[in-house]
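Trainee: Could you walk me through this one, starting wherever you like? I have it open and would rather follow along than read a summary.

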Amino acid sequence: MGVRLRVRSCWASRSESDVVYELEQTRILIGRGRGADVRLPHRTVSVRHATIELDGIRYALVDHETTNGTAVGGARVVPGRKKPLRSGDRIEIGGFAIVFESGIAVSLPTSGERTASLARRLAREALADPDARLDPFLTVLNGPREGEVVPLPVPPDRLVLGRGEDADLVLPDEDASRAHAEVELDLDGATLRDLSSKNGTLLGGLPIQEARLVDRDEFQVGATILRFEDPADAKVVSLESGEDDAGEAPSWEEVAPLPPEPEAPEADATIADDDPSQDAPSAARALSEPKPSRSGVAAADMVIYVLAAAVFAVSALGLIWLLRG
């Protein structure tokens with residue numbers, strides 16, 4: 001059984017997607033350095049920030065005396081002291097919220113390659129300056145379109161390359177098929193895929209059917225060479241060393257999903273929409289208005305009965321007095 005960590009960037013306002021790590025080892029390092037099992041690319045996170053390790057039959061977290069500290073369930077943990085974890089605990093580190101789950105059956109542990117890919121995704125979300133884009137793009141290195149920069153679509157999507165007019169990136173290249181290859185984008189990065197082309201697709205000089213792209217990879221479609229560039233990779237690399245930023249990071253409360261708004265009460269169907277003069281009380285008001293009690297009604301009836309009996313008695317006495325006279 002292993003551990004699942006659901007990471008959400010608090011730097012992205014109202015972020016809706018989690019980055020998920022599934023790990024089987026008994027010691028998990030969290031930080032922004034290259035050797036971390038869970039990489040959080042921001043300088044409010046230390047290079048070696050915290051460790052989750054199996055302590056007997058349960059897991060515990062240790063903060064490595066970091067600049068900005070670590071919190072579990074909203075409470076700051078004591079540096080260097082083990083903090084026992086329960087499944088479902090929320091860990092906050094430098095503007096990232098991590099939900100810890102234990103006892104998970106892990107079918108495919110998160111690899112080092114995927115860890116780097118997830119770090120690039122988190123780097124894009126953690127940007128403080130929205131104008132400094134970290135989205136990947138292609139650069140055409142030769143041929144009639146040499147020097148052109150081609151932005152890649154927002155994932156999930158794909159970009160088809162070929163000489164056909166229906167291609168997303170039309171290459172005036174007789175050696176390229178009409179629909180030669182595609183670059184498929186998902187939240188974790190980009191995949192290059194050959195579309196059964198006549199001359200094949202080369203990556204680093206070798207033919208491929210499908211391969212994950214990394215920053216600065218060069219591939220060939222027909223006679224055209226293109227370079228895949230991912231600025232987020234350079235951003236992650238630049239954060240692998242250097243000093244921490246001592247500052248206040250956004251908290252989970254600032255990006256937690258908003259509660260659903262209450263539904264508006266339905267209008268009373270008995271009131272005609274075209275008759276504004278009617279001012280019937282609402283159902284809530286009608287329910288709140290006092291109703292006469294049954295005891296009050298019974299008392300009023302009794303008073304009437306007594307008065308009627310008195311009148312009858314007086315009438316009878318008067319009649320007897322007249323007969324005697």
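Mentor: Let us begin with a pair of strands, β3 and β4, which run parallel and are joined by 2 bridges. Within that pairing, I30 has V38 of β4 as its bridge partner. Please keep in mind throughout that this is a predicted model.

Trainee: What else does β3 pair with, and how do the two run?

Mentor: Strand β3 is also joined to β5, by 4 bridges, and these two strands run antiparallel. One place to look is I28, whose bridge partner in β5 is I52.

Trainee: Is β3 mostly covered or mostly open?

Mentor: Strand β3, which spans residues 27–31, is mostly covered, since 4 of its 5 residues are buried.

Trainee: And going on from β5, how does it pair with β6?

Mentor: Strands β5 and β6 pair in the antiparallel sense over 6 bridges, and T51 is found opposite V62 of β6. The two strands form a hairpin with 2 residues between them, and in the turn G56 has a positive phi of about 75°.

Trainee: Why is β6 described as largely enclosed?

Mentor: Of the 6 residues in β6, 5 are buried, so the strand is largely enclosed by the rest of the structure.

Trainee: What does D63 touch?

Mentor: If we leave out residues up to four places away in sequence, D63 touches H49, A50, G69, T70, V77, P79 and G80. With G80, which is 17 residues away along the chain, the C-alpha to C-alpha separation is 5.6 Å. The side chain of D63 also reaches the backbone nitrogen of E65, at 3.0 Å.

Trainee: Where does E65 sit, and is it buried or exposed?

Mentor: E65 is in the loop between β6 and β7, and it counts as exposed because its relative accessibility is 65%, with the cut-off for exposed being over 50%. Its backbone deserves a look as well, as E65 has a positive phi of about 50° although it is not a glycine.

Trainee: Switching to helices, how do α1 and α2 cross?

Mentor: Helix α1, residues 112–125, and helix α2, residues 231–238, have axes that come within 9 Å and cross at roughly 95°. That makes α1 roughly perpendicular to α2. The contact is made by A119, R120, A123 and R124 of α1 together with A232, D233, K235 and V236 of α2. Sorted by class, this contact has 4 nonpolar and 4 charged residues, and no polar ones.

Trainee: What about the sheet with β14 in it?

Mentor: That is an open sheet of 5 strands in the order β15-β14-β16-β17-β20, with mixed pairing. Its edge strands are β15 and β20, each of which pairs on one side only. Inside it, β16 and β17 pair in the antiparallel sense over 6 bridges, and L185 stands opposite A190 in β17.

Trainee: One last thing: where is the cis peptide bond?

Mentor: It joins P155 and P156, with omega about 0°, and P156 is in the loop between β13 and β14.

Definitions and conventions
Residues are numbered from 1 along each chain as its sequence is written. This is a predicted model: local features need pLDDT of at least 70, side-chain atom pairs count only at pLDDT 80 or more; totals for chains, interfaces and linings use all residues. Side-chain values use heavy atoms; hydrogens and water are left out. Axes are lines fitted to C-alpha atoms, for helices over the stretch in contact, and angles run from 0 to 180 degrees between N-to-C directions. Angles under 35 degrees count as roughly parallel, over 145 as roughly antiparallel, 65 to 115 as roughly perpendicular and the rest as oblique. Contact means heavy atoms within 4.5 Å. Ala, Val, Leu, Ile, Met, Phe, Trp, Tyr, Cys and Pro count as nonpolar, Asp, Glu, Lys and Arg as charged, and the others, Gly among them, as polar. A polar contact is a pair of N or O atoms within 3.5 Å; within protein, one must be able to donate a hydrogen and the other to accept it, and residues adjacent in sequence count only if both atoms are side-chain atoms. Buried means under 20% relative accessible area, exposed over 50%, partly exposed in between (1.4 Å probe, protein chains only). Two strands pair if DSSP finds at least two bridges between them.
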